[in-house]
Amino acid sequence: MDAERRIGVAVDFSPCSKKALKWAIDNVARKGDHLILVIVRPADVYEHGEMQLWGVTGSPLIPLPEFSDAHIMNKYEVKPDAETVDIVTTAASQKEITVLVKIYWGDAREKIIEAIDKIPLSFLVMGNRGLGTLKRVIMGSVSNFVVNNARCPVTVVKSET
């Protein structure tokens, strides 16, 4: 995987993350690239599932056929929607890219930065929720944090507001 670019896309299956995923595929991904979907789940206490094994380091890189398998993804307590699976399956065949998934549990800001450093990613694309100024100050902005702390180029695809 060293010679190819590793393009990360932060995915939470929301409309803005799907828009970012489509943007990354249309504008950044090229033949031979690795497109890595970075999914961050809440750090709730899980009594079963893969979180017990991979809670600290994140999951191993999950290939597209396993990401498309609801039974396997249920072990990670992730429920990918059909549209996202279709987007990446189509991109994998049309663009000749390798699609992988990495799942983390914890704070999205910290875990996306961890993904950038540990995978490592060449580039990251993420959406934003379009929070207003007050909500952004109170809740914090994941995209602002990542842009200011990432060690790779980051593109934030704005949601339509």
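Two strands pair if DSSP finds at least two bridges between them, and helices (H or I, at least four residues) and strands (E, at least two) are DSSP runs numbered from the N terminus. Here is a friendly tour of a predicted model, in which local features need pLDDT of at least 70, side-chain atom pairs count only at pLDDT 80 or more, and totals for chains, interfaces and linings use all residues. Residues are numbered from 1 along each chain as its sequence is written, and side-chain values use heavy atoms, with hydrogens and water left out.

**Strands β1 and β2**
- Strand β1 (residues 6–10) and β2 run parallel and are joined by five bridges.
- Within this pairing, V9 has L37 of β2 as its bridge partner.
- Strand β2 (residues 34–41) has seven of its eight residues buried, so it is largely enclosed by the rest of the structure; buried means under 20% relative accessible area, exposed over 50%, and partly exposed in between (1.4 Å probe, protein chains only).

**Helices α1 and α5**
- Helix α1 (residues 15–27) packs with helix α5 (residues 82–95) at an angle of about 5 degrees, and their axes are 11 Å apart.
- Axes here are lines fitted to C-alpha atoms, for helices over the stretch in contact, and angles run from 0 to 180 degrees between N-to-C directions.
- The pair α1 and α5 is therefore roughly parallel (angles under 35 degrees).
- On the α1 side, the contact (heavy atoms within 4.5 Å) is made by K18, L21, K22, I25 and D26, and on the α5 side by E83, T84, I87, V88, A91 and K95.

**S143 in helix α8**
- S143 belongs to helix α8 (residues 142–149) and is buried, with a relative accessible area of 8%.
- Its side chain makes a polar contact with the side chain of S141 (3.1 Å); a polar contact is a pair of N or O atoms within 3.5 Å, where within protein one must be able to donate a hydrogen and the other to accept it, and residues adjacent in sequence count only if both atoms are side-chain atoms.
- Leaving aside neighbours within four places in sequence, S143 is in contact with M126, G127, N128 and V156.

**Two prolines**
- P60 sits in the loop between α2 (51–54) and β3 (62–63) and counts as partly exposed at 33% relative accessibility.
- Beyond neighbours within four places in sequence, P60 is in contact with W54, Y76, V101 and K102.
- C-alpha to C-alpha, P60 and V101 are 8.3 Å apart in space, while 41 residues apart in sequence.
- P65 lies in helix α3 (residues 64–67) and counts as exposed at 66% relative accessibility.

How values were computed: Parallel < 35°, antiparallel > 145°, perpendicular 65-115°, else oblique.
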